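Please read this note with the structure open beside you. It goes point by point.

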Amino acid sequence: PIFPQLEELYFFNNNITELQPDGVLQSLRSLTLSRNPLAQDSVNTLACLSRLETLDLSNTGLSTLQFEDAAPGESCPTSMFPALSDLNLDNNNISQWCVVDELAKLPSLVKLHCYGNQLVSRDRSPSTTNQLLIAKLGKLEFLNRTEISPESRRGAELDYIKMFGEEWLKAGG
């Protein structure tokens, strides 16, 4: 409460496991929690920061993510993190594509950093993994600090259809 206008906060390497920002820090636009051993479920407590645009969760041990207001498997957007446009998930333990499906629910996400995670494509190629990320996250403009050109997006989406289109049709569309 003593910093009602605070817009940027850096808690780099402070051994923080959870935050309870409800009712405080409501003007925060940028939050860095890098190198803190965050509890898996503590990320959702940050959703009350409705102005948050940039969130750095790199090196936190994060392996899962699920928004409470949108059921897993649904493609509807979440109302959580409405302004979040830049998310850093570098060097975590993310290995499941369902986490990427959750990220697709963020309405404003245009920049994603996710180096050093365990996400792999079927062919185990880093470039294919990047293509899958681009195809699954339709609003993304930057991936790992590289701008996504319209040609790259189109190629990624076509390759995605080639990889999964037949499975999708067999499952009933």
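1. Basis. This is a predicted model, in which local features need pLDDT of at least 70, side-chain atom pairs count only at pLDDT 80 or more, and totals for chains, interfaces and linings use all residues. Residues are numbered from 1 along each chain as its sequence is written, and side-chain values use heavy atoms, with hydrogens and water left out.

2. Cysteines. How many disulfides does a search of the whole structure find? The search finds 0. A disulfide here is a pair of cysteine sulfur atoms within 2.5 Å. The sulfur of cysteine 98 has its closest cysteine sulfur in cysteine 114, 14 Å away, so the two are too far apart for a bond. Cysteine 114 is likewise in no disulfide. Their exposure can be stated with one scale: buried means under 20% relative accessible area, exposed over 50%, and partly exposed in between (1.4 Å probe, protein chains only). Cysteine 98 is partly exposed at 44%, whereas cysteine 114 is buried at 13%.

3. Cavities and pockets, the terms. Both are found on a 1 Å grid over the protein atoms alone. A cavity is a set of points where a 1.4 Å probe fits but cannot get out. A pocket is an open set with protein on both sides within 12 Å along at least five of seven lines. Lining residues have an atom within 4 Å of a point. Grid points are joined across faces, edges and corners, and a volume is the space filled by probe spheres set on the points. For residue classes, Ala, Val, Leu, Ile, Met, Phe, Trp, Tyr, Cys and Pro count as nonpolar, Asp, Glu, Lys and Arg as charged, and the others, Gly among them, as polar.

4. Cavities. The count is 2 cavities of 30 Å³ or more. Helices (H or I, at least four residues) and strands (E, at least two) are DSSP runs, numbered from the N terminus.

5. The largest pocket holds about 310 Å³. It is lined by 14 residues, of which Glu74, Ser75, Asp101, Glu102 and Ala104 are the closest to its centre. α1 and α2 (126-136) each supply at least two residues of this lining, and α1 gives the most, with 3. The lining divides into 5 nonpolar, 4 polar and 5 charged residues. The second largest pocket has a volume of about 190 Å³. Cys114, Asn117, Leu119, Thr129 and Asn130 are the closest to its centre, out of 13 lining residues. By class, they are 6 nonpolar, 6 polar and 1 charged.

6. Helix α2. Which residues of α2 are buried? They are Thr128, Thr129, Leu132, Leu133, Ile134 and Ala135. These buried residues pack against α1, β6 (142-143) and α3 (150-170).

7. Threonine 78. This residue lies in the loop between β3 (54-56) and β4 (86-88). Threonine 78 counts as buried, at 4% relative accessibility. Contact means heavy atoms within 4.5 Å. Leaving out residues up to four places away in sequence, threonine 78 touches Phe67, Asp69, Lys105, Leu106 and Pro107. Its side chain joins that of aspartate 69 in a polar contact of 2.5 Å. A polar contact is a pair of N or O atoms within 3.5 Å; within protein, one must be able to donate a hydrogen and the other to accept it, and residues adjacent in sequence count only if both atoms are side-chain atoms.

8. Asparagine 36. The loop between β2 and β3 holds this residue. Asparagine 36 is buried, at 1% relative accessibility. Its side chain reaches the backbone nitrogen of isoleucine 16 at 2.9 Å.
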